[in-house]
Amino acid sequence: MRRIPLVALVVDDYDEAIRFYTEALGFRLAEDSPRPGGGRWVVVEPDAGHTGTALLLARAEGEAQRARVGDQTGGRVGFFLHTDDFARDHARMTAAGVAFLEEPRHEPYGSVAVFRDLYGNRWDLLQPAAP
């Protein structure tokens with residue numbers, strides 16, 4: 001079996017990223033362990049018991065990485081958060097101050113709205129249509 005357990009997301013600051021992903025998006029902090037040299041291994045995931053891909057919040061090191069914070073995908077949607085209740089999660093995230101870039105849309109593939117994370121990376125909040 002093969003899978004992708006983690007995707008690195010370059011961030012400015014561990015603690016502000018943890019706050020955004022756990023408080024605004026409702027993710028769970030799965031791990032926060034110190035690393036040599038002052039770094040940390042910080043993993044957040046959408047839900048407890050999550051078995052899909054989680055995010056490794058990686059603090060930018062050096063100018064090249066700092067230049068990529070908030071623009072890891074060149075301005076296109078690069079991250080996709082699936083939900084089983086679009087209205088619930090959209091309302092909760094909006095109340096928590098998440099910046100949605102559009103009104104919710106209902107497409108053949110599901111209900112969707114693009115939002116930005118705290119650094120400007122674009123995400124889809126998506127409830128896939130029933131098969």
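**Entry 1: overall size**

I looked up the radius of gyration of the protein chain, taken over C-alpha atoms. A compact globule of 131 residues would have a radius of gyration near 14 Å, and the protein chain has 15 Å, which agrees. The globule rule I applied is 2.2 Å times the number of residues to the power 0.38. I also looked up the C-alpha trace, which spans about 50 × 35 × 30 Å along its principal axes.

**Entry 2: basis of the values**

I note that this is a predicted model, in which local features need pLDDT of at least 70 and side-chain atom pairs count only at pLDDT 80 or more, while totals for chains, interfaces and linings use all residues. Residues are numbered from 1 along each chain as its sequence is written, and side-chain values use heavy atoms, with hydrogens and water left out.

**Entry 3: secondary structure**

I found three helices and nine strands in the protein chain. Both are DSSP runs numbered from the N terminus: helices are H or I with at least four residues, and strands are E with at least two. Along the sequence, I read the pattern as β-α-β-β-β-α-β-α-β-β-β-β.

**Entry 4: surface, burial and charge**

I recorded an accessible surface of about 7,600 Å² for the protein chain, with 51% of it belonging to carbon and sulfur atoms. Accessible areas come from the Shrake-Rupley method with a 1.4 Å probe, and for residues only the protein chains shown count as cover. Of the 131 residues, 36% are buried. Buried means under 20% relative accessible area, exposed means over 50%, and partly exposed lies in between (1.4 Å probe, protein chains only).

I then looked up contacts, meaning heavy atoms within 4.5 Å. Among contacts with a separation of 6 or more, 52% join residues 24 or more positions apart.

For charge, I noted 15 positive and 20 negative side chains, and the centres of the two sets lie 5 Å apart. Lys and Arg count as positive and Asp and Glu as negative, whereas His and the chain ends are not counted. The place of a charge is NZ of Lys, CZ of Arg, CG of Asp or CD of Glu.

**Entry 5: helix H3**

I examined helix H3 (residues 86-95), whose buried residues are Phe86, Asp89, His90 and Met93. Seen down the axis of H3, these residues fall within an arc of 100 degrees, so they line one face of the helix. The arc is that of the directions from the helix axis to the C-beta atoms. On the other side of H3, I found Ala87 and Ala95 exposed.

Against what do the buried residues of H3 pack? Their partners are helix H1 (14-24) and the strands S6 (99-100), S8 (110-116) and S9 (122-128). After H3 comes Gly97, with a positive phi near 90 degrees.

**Entry 6: Ala24 in helix H1**

I located Ala24 in helix H1. Ala24 has 7% relative accessibility and counts as buried. Apart from residues up to four places away in sequence, Ala24 touches Arg19, Arg92, Met93, Ala96 and Val98. One of these, Met93, is also among the buried residues of H3.

Are they buried or partly exposed? Leu6 is partly exposed at 31% relative accessibility, whereas Val11 is buried at 0%.

Leaving aside neighbours within four places in sequence, Leu6 is in contact with Trp41, Val43, Thr53, Ala54, Leu55 and Leu56. With the neighbours within four places again left out, the contacts of Val11 are Ala17, Leu57, Ala58, Arg59, Ala60, Val69 and Tyr119.

**Entry 7: Gly49**

I found Gly49 in the loop between strand S3 (40-45) and strand S4 (54-59). Gly49 is exposed, with a relative accessible area of 64%. The C-alpha atoms of Gly49 and Ala30 are separated by 9.8 Å, and the two residues are 19 residues apart along the chain.
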